[in-house]
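Subject: Structure handover

Hello,

Here is the structure I promised to pass on. Please open it first, then read my notes below.

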Amino acid sequence: MSQSTSIPKKQLRVRDHGYDNYMEIEKKTRKVLKFQSLILSQFNQTIQISRLDALARRLGFKQYQAGAFVLKFPHIFEVYEHPVQRILYCRLTRKALLQIQQEKEALIAQIPDSVTRLRKLIMMSSTGRLRLEHVRIARSEFGLPDDFEYSVVLKNPQYFRLIDAIDTRNKYIEIVDRDPMLTVCAIEKARERKYREKGMAAEDIRFSFIINFPPGFKIGKYYRIAVWKWQRTPYWSPYEDISGYDLRSIEAQKRMEKRAVAAIHELVSLTVEKKITLERIAHFRMAMHLPKKLKEFLLQHQGIFYVSTRGNHGKLHTVFLREAYRRGELVEPNDLYLARRKLGELVLFSPRKAKMDRELVSYRRDRRDEEMERFGRDCVENNFEAGKVGQDGEFEDDLNSDLGSDVGSDFTDESDDNGAVDIVNAEEAHVTSD
């Protein structure tokens, strides 16, 4: 019985603990971001702990869980007692506020790049337009600001056009002109770079993808042949218009299947962190001719993508681009990614270290207070002595007798000191002679 040399439709997912551990940190970061937005929306950016516990129930926390969660991250949240009201309040630490400011600056600085990403994203759609709401939901992944409708779309009328659909009453972002220079995919640049570095045959690399299977993935003989054949299968570019092609043949279906892989690859490549949730990809499924069962489709290509189920009790699926990561970090990081990465570092910082830092600060503050107190005491004594000397000078005529007695006593003390010194010297000499 001969076995098929095609990639099987259904495959078991092989876990890659590196990406799963990354998502464990991301799961905590999402909750921290919810608390941050809640605190920043309050007056003076502070909130009572009792009120925080009541508002956190809207975020999915149970009773008394909000306070315990805040205490787990002392490098991000600071709990303090109000000096007058004697009530516990919560606010963001200086490190957290600095991280938020750095992320805002990085987001503003890369707006020109986000314009290019949005143009390429819309050009991949078959109609040349995307729903505004779908882009708004995925704005964080593509590095778009919250007001991208005005700061990106309406400020660049030479690239985008905002239209209202009469039949569906939805807003759409439409591309004004398709730039041929933007139709080059990220995988094509990677192929060219790999061809120049390793000097592989042009026929072997022309339609191939970079494949890195997860650890423990079993590759049999027939599966290896299937991947070899699939790598040489031609396909249409995600930016190419396929409306005039006949898609009924088996060859056309194979090309469309590989085109869907290229479209998802390009979609994930346009994100800031080279990862996006499967639910976000599903919003663009109709516009980009993607298959219905996306999870099963991506599991067929575990060497290109990794689907992590960590986060939100397995209900959330995050798609990683395997070639973009190495040892848990991006191969080509950007400023926005690095700014967001700092929040993850604050989440991972030990609470014990925060307690130690707080104790060191209090110790330095106590030492500074003691030095200031000692300095103030010395200043008071010096001023008192100076005032006493000035007072003696003013009453010089009335205190001639006292002044004379003081002078005499000084000389007497000096002579006594000299005598004492002579006695000590004599004793030392006597000991030496002995």
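Leaving aside residues up to four places away in sequence, Q300 touches I7, P8, K9, Q11, Y223 and E257. Touching, or contact, means heavy atoms within 4.5 Å. Q300 lies in the loop between α14 (294-299) and β8 (305-308). Q300 counts as buried because its relative accessibility is 7%. Buried means under 20% relative accessible area, exposed over 50%, and partly exposed in between, with a 1.4 Å probe and protein chains only.

Some ground rules. This is a predicted model, where local features need pLDDT of at least 70, side-chain atom pairs count only at pLDDT 80 or more, and totals for chains, interfaces and linings use all residues. Residues are numbered from 1 along each chain as its sequence is written, and side-chain values use heavy atoms, with hydrogens and water left out.

The whole chain

The chain has 434 residues, and 37% of them count as buried. Its secondary structure comes to 17 helices and eleven strands. Both are DSSP runs numbered from the N terminus: helices are H or I with at least four residues, strands are E with at least two. Take the contacts between residues at least 6 apart in sequence: 65% of them join residues at least 24 apart. The chain exposes about 27,200 Å², with 52% supplied by carbon and sulfur atoms. These areas come from the Shrake-Rupley method with a 1.4 Å probe; for residues, only the protein chains shown count as cover.

The cores

In soluble globular proteins, nonpolar side chains tend to be buried together. Here the largest nonpolar core has 69 residues. Such a core is a set of buried Ala, Val, Leu, Ile, Met, Phe, Trp, Tyr and Cys residues joined through side-chain atoms within 4.5 Å. L118, L121, F142, F160 and I264 have the most contacts inside it. Helix α11 (residues 250-269) gives the largest share, seven residues. A second, separate core has 23 residues, including V32, A56, C90 and A96.

What does L121 touch, not counting residues up to four places away in sequence? The list is L130, F142, L267, L270, F284 and M288.

The three-stranded sheet

Three strands form an open, antiparallel sheet in the order β1-β3-β2. Strands pair if DSSP finds at least two bridges between them. β1 (46-48) and β2 (77-81) stand at the edges with a single partner strand each, so one side of each has no neighbour in the sheet. On average, neighbouring strands are turned by 30° against each other, direction ignored.

Three bridges join β1 to β3. Five join β2 to β3 (residues 88-92). Y89 in β3 stands opposite Q48 and also opposite Y80. E81 stands opposite L88 in β3. The hairpin of β2 and β3 has six residues between the strands, and R86 takes a positive phi near 60° there.

Helix α1 (residues 17-40) lies across β1, β2 and β3, running at about 110° to β3. Axes are lines fitted to C-alpha atoms, for helices over the stretch in contact, and angles run from 0 to 180 degrees between N-to-C directions.

Beyond residues up to four places away in sequence, Q36 touches I76, F77, L92, A96, I100 and L343.

Best wishes
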